Amino acid sequence: MWTSRASEPHHDHKLHCRVALVAGLLFGAAHGLANAPLDGRSDIDYRHAYAFLAEPKYPADFEHFDYVNPDAPKGGMLRRHGTGSWDSFNPAALRAAQVVAGLSTSAPHANFLYDALLAEAADEPSAWYGRLAEGIAVAPDGAWIAFKLRAGARWHDGMPVTIEDVAYTYRTYRDDATSTISAPLKPITDIEVLSPREILFRIAPEAHDDALLPIRVGQVPILPAHYWETRDITKTTVEPPLGSGPYRIKDFRVGRWIRWERVPDYWGQDLPVMRGRFNFDVMKFDYFSDDRVKTEAVKGDVIDFHVENVPSYWENDYDFPPFRAGVFKREWLPVKQPWGLWWPVFWNLDQPRFQDIRVREALWLLYDFEWLNRRNYNFFGLATSFFHGSELAASGLPGIRELEYLEPVRDLVPPRVFTESYRPPPNGGNGWHRENLVRAAALLKEAGWVVRDDRLVHVETGEPFHVRFIAVSPALGNSFIPFTRNLERLGITSSIKAPEISNWLYRSRSGDYDAGALWFRPSYTPTLLIFQSFASVMADQDYSSNWPNMRDPAVDHLIQAMTAATTYDDYVAAIRALDRVLLWNFYYIPGMTKTQIGAVFWDRFGRPEVDPLKREVFWDTWWYDEERAAAVARFRGQAD
């Protein structure tokens with residue numbers, strides 16, 4: 001007999017006080033069940049989908065997403081690349097690890113091994129449909145979230161996916177996983193199994209208005225309890241885990257490559273959210289150390305597909321015989337999404353010198369992105385917002401709604417937040433400009449830095465102003481060189497390192513740097529990314545995304561303001577207000593934004609006819625085209 005479980009001990013929700021972000025339309029609300037115990041009853045009104053502040057596009061009886069070919073053939077191989085190395089198949093491990101490609105815990109379309117309860121639609125801003133779950137329900141007041149499991153789901157060993165697996169997964173992720181996984185799930189206070197196919201999550205009161213919480217809960221991969229009960233899930237492992245998803249691990253060499261093979265009898269292949277997707281029999285990832293090697297690997301037919309991010313390579317390296325013969329493609333892929341900031345420079349705010357806004361502004365004045373981009377074939381766009389390319393981006397002066405959020409922190413933010421629309425550093429386009437240098441020198445002098453013997457030093461301590469840059473790749477490190485030459489004009493010395501990826505991650509997370517860079521790429525609902533990247537509480541969390549160690553009460557206030565937003569307009573206004581505060585504090589140098597996806601690939605693939613989507617979907621919607629592949633083979637002299 002299945003009954004509700006006893007409530008689990010209440011856990012500390014201090015970390016989540018700033019996570020609950022926005023109230024809104026709770027699509028799929030149950031009737032009259034907000035707080036009462038359910039005692040195993042099945043009177044919940046489950047719905048097929050959940051959408052943030054909107055109605056789902058697809059009806060309950062939809063057969064497939066519009067952006068797929070439901071009859072796409074299965075077969076062939078797609079070879080892609082990873083960067084650096086990898087050392088684990090377990091993304092939940094508490095110890096820092098580099099998890100292999102194909103095991104994302106926040107993007108179900110990028111997790112090949114495990115199914116999640118929900119699947120995201122790539123042609124809607126934020127709508128999610130049942131995958132492992134056939135239904136989702138949310139209490140009218142947000143006090144609980146419930147899911148109904150599909151019948152017939154099974155693990156690759158033939159065992160059924162059970163509601164006990166779901167309960168085990170969320171207890172494990174909430175209580176024992178790394179902070180990037182556990183923090184979003186801290187609002188779950190109790191987990192109750194209602195029946196062999198139903199589970200209910202009770203939510204902490206401060207998170208009742210978080211309309212994004214059902215999505216964060218529904219997107220995590222479900223784990224097999226019977227597999228992990230004999231293993232320690234808090235530790236890294238290179239033993240291939242048991243999964244339920246469209247692929248399983250075929251073979252691998254730790255740190256070098258992995259080959260995923262399609263499960264031919266995958267239980268979910270005919271679900272509406274899965275039809276026409278994950279069509280390749282094999283997906284192989286080879287790991288390379290830098291961008292130059294990736295470019296040569298795709299040209300040499302070691303990999304099939306590469307997103308080129310180095311402007312000079314894109315412009316100069318692909319005019320070779322296969323491209324001229326039409327069997328190798330260089331295309332801009334259509335993707336519609338907020339573009340954010342492409343590897344912006346940020347400062348280690350744990351260092352006293354970078355806590356002074358005058359120092360940060362002076363350094364901002366010396367960065368001439370317009371000149372750098374012109375030297376790089378205008379490959380990028382000029383970033384003017386952390387949410388560039390979307391309605392979340394601030395523009396002009398603050399509107400009425402924004403001012404309601406900004407007025408309480410007027411004394412905590414730069415005056416320009418209220419009086420000026422953000423713009424890039426002035427006088428750009430010449431590489432360096434005398435007026436900018438003069439203004440930067442004056443700001444540095446005000447902050448206590450003076451030139452002695454051609455070096456900038458602190459007037460009281462004599463400490464030289466030296467900046468240690470660390471970069472994820474040599475190409476990114478090279479892009480810092482024009483900036484460092486401008487720094488030299490004011491007596492600031494610098495060094496640039498592009499260490500091996502694991503060392504770069506360690507130094508970035510541990511604060512062993514002066515200046516770093518990290519891609520800030522938001523979604524249409526970026527609340528969790530905002531919290532993890534900018535909230536003060538995350539500066540003290542291991543492995544969070546707040547690498548600059550930002551601790552700003554005004555920023556925290558605006559993150560909390562998103563919790564109280566009751567309409568989408570208020571939600572947008574709070575983010576725009578936050579955008580202004582971040583920009584005018586110069587915590588980051590926005591620099592560039594990447595508004596197109598430059599793809600290079602061998603023409604072996606079929607593609608659906610789609611409108612611009614909000615994410616790249618080539619690996620889960622393309623398919624191997626035998627005829628095209630044969631044409632490539634004939635060109636390369638490989639045909640039988």
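Mentor: Let's start with Val-632, which sits in helix α20, spanning residues 626-635. Keep in mind that this is a predicted model.

Trainee: What does Val-632 touch, beyond residues up to four places away in sequence?

Mentor: Val-632 touches Val-327, Trp-602, Asp-603 and Arg-604.

Trainee: What makes Lys-235 exposed?

Mentor: For that word the relative accessible area has to be over 50%. Lys-235 is at 51%, so it counts as exposed. You will find Lys-235 in the loop between α4 (225-228) and β9 (247-253). Leaving aside neighbours within four places in sequence, Lys-235 is in contact with Asn-90 and Ala-93. The C-alpha atoms of Lys-235 and Glu-296 are 61 residues apart along the chain and separated by 36 Å.

Trainee: Why is Tyr-377 called partly exposed?

Mentor: Partly exposed is the class between the two cut-offs, under 20% and over 50%. Tyr-377 has 40% relative accessibility, so it counts as partly exposed. Tyr-377 belongs to the loop between α9 (369-375) and β15 (381-382).

Trainee: What is phi of Tyr-377 near?

Mentor: Phi of Tyr-377 is near 60 degrees, a positive value in a residue other than glycine. Most residues other than glycine have a negative phi. Asn-549 also has a phi near 60 degrees, and it too is a residue other than glycine.

Trainee: Why is Asn-549 called buried?

Mentor: The limit is under 20%, and Asn-549 has a relative accessible area of 11%, so it is buried. Asn-549 is placed in the loop between α16 and α17 (553-564).

Trainee: How do you know that helix α16 is largely enclosed by the rest of the structure?

Mentor: Count its residues: seven of the eight in α16 (residues 527-534) are buried, so the helix is largely enclosed. The buried ones are Thr-527, Leu-528, Ile-530, Phe-531, Gln-532, Ser-533 and Phe-534.

Trainee: Why is Phe-520 called buried?

Mentor: Its relative accessible area is 4%, so Phe-520 is buried. Phe-520 lies in the loop between β20 (515-517) and α16. Among its contacts, leaving aside neighbours within four places in sequence, are Leu-529, Ser-533 and Phe-534, as well as Trp-339 and Gly-340. Phe-520 and Trp-342 are 178 residues apart in sequence, but 6.6 Å apart in space, C-alpha to C-alpha.

Trainee: Which residues is Thr-593 in contact with, leaving aside neighbours within four places in sequence?

Mentor: They include Trp-339, Gly-340, Trp-342, Phe-380 and His-388. Thr-593 is part of strand β22 (residues 592-593), and at 0% relative accessibility it counts as buried. A polar atom of the Thr-593 side chain lies 2.7 Å from the backbone oxygen of Gly-340.

Trainee: What makes a polar contact between the side chains of His-81 and His-306?

Mentor: A polar contact needs a pair of N or O atoms within 3.5 Å, one able to donate a hydrogen and the other to accept it. The side chains of His-81 and His-306 make such a contact at 2.9 Å. His-81 is in strand β2 (residues 77-83), and its 18% relative accessibility means that it counts as buried. Other residues in contact with His-81 include Phe-285, Asp-286 and Lys-294.

Trainee: Now the whole protein. How do you know that its radius of gyration agrees with a compact globule?

Mentor: For 640 residues, a compact globule would have a radius of gyration near 26 Å; the protein has 25 Å, so the two agree. The C-alpha atoms fill a box of roughly 80 × 70 × 45 Å along the principal axes.

Trainee: How many helices and strands are there in the protein?

Mentor: The protein has 20 helices and 25 strands. Buried residues make up 59% of the 640 residues. Of contacts between residues at least 6 apart in sequence, 74% join residues at least 24 apart.

Definitions and conventions:
Residues numbered from 1 in each chain as written. Heavy atoms only, no water. Helix = DSSP H or I, 4+ residues; strand = E, 2+ residues; numbered from the N terminus. Rg over C-alpha atoms; globule rule 2.2 N^0.38 Å. Buried < 20%, exposed > 50% of the residue type's maximum accessible area, 1.4 Å probe, protein only. Contact = heavy atoms within 4.5 Å.
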